[in-house]
Amino acid sequence: PLVVYALALCRLAGLVTIDEWSERWRLAAVERLDDKVGSAGWYVRAWLTCAWCFGIPLSIVATPIIWYHWDNPWLFVPALIGAFAQVIGMTSTTGR
């Protein structure tokens with residue numbers, strides 16, 4: 001289950017920070033934020049445009065949820081879908 005949840009969180013971070021479908025929303029949000037170094041807007045801007053950075057708050061929120069409900073099918077099945085999608089994306093550029 002840990003690998004499934006880790007892959008699902010990786011996919012979710014990619015959906016928010018990298019994927020084309022979220023680009024318009026992400027860029028609109030980033031344009032409205034203050035870019036002064038150290039400001040709240042600067043941190044949020046980093047979180048919305050960097051999968052590594054977004055992983056920190058995402059993990060902070062997800063860890064207690066997963067800890068207490070890891071075996072709940074309502075959480076595990078969507079995580080399994082995300083994990084499969086992440087593996088498919090990671091291997092899509094390799095030879096068949």
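Author: Contact means heavy atoms within 4.5 Å. Helices (H or I, at least four residues) and strands (E, at least two) are DSSP runs, numbered from the N terminus. This is a predicted model, in which local features need pLDDT of at least 70, side-chain atom pairs count only at pLDDT 80 or more, and totals for chains, interfaces and linings use all residues. Residues are numbered from 1 along each chain as its sequence is written, and side-chain values use heavy atoms, with hydrogens and water left out.

Reader: Which residues of α5 are buried?

Author: A79, G82, A83 and Q86 are buried in α5. Buried means under 20% relative accessible area, exposed over 50%, and partly exposed in between (1.4 Å probe, protein chains only). Seen down the axis of α5, the buried residues fall within an arc of 105 degrees, so they line one face of the helix. That arc is taken from the directions from the helix axis to the C-beta atoms.

Reader: What covers them?

Author: The cover over the buried residues of α5 includes α1 (2-17).

Reader: And which exposed residues does the face turned away carry?

Author: On α5, that face carries P73, W74, I81, F84 and I88.

Reader: Which residues form the largest nonpolar core?

Author: There are eight: V4, Y5, L7, A8, A62, I66, A79 and A83. A nonpolar core is a set of buried Ala, Val, Leu, Ile, Met, Phe, Trp, Tyr and Cys residues joined through side-chain atoms within 4.5 Å.

Reader: What does I66 touch?

Author: Not counting residues up to four places away in sequence, I66 touches Y5, L9 and L75.

Reader: Changing topic: how many disulfides are there?

Author: The count is zero, a disulfide being a pair of cysteine sulfur atoms within 2.5 Å. The closest cysteine sulfur to that of C10 is in C50, 12 Å away, which is too far for a bond.

Reader: And S22, is it buried or exposed?

Author: S22 counts as buried because its relative accessibility is 2%. S22 is in the loop between α1 and α2 (23-32). Its side chain makes a polar contact with the side chain of R26 (2.7 Å). A polar contact is a pair of N or O atoms within 3.5 Å; within protein, one must be able to donate a hydrogen and the other to accept it, and residues adjacent in sequence count only if both atoms are side-chain atoms.
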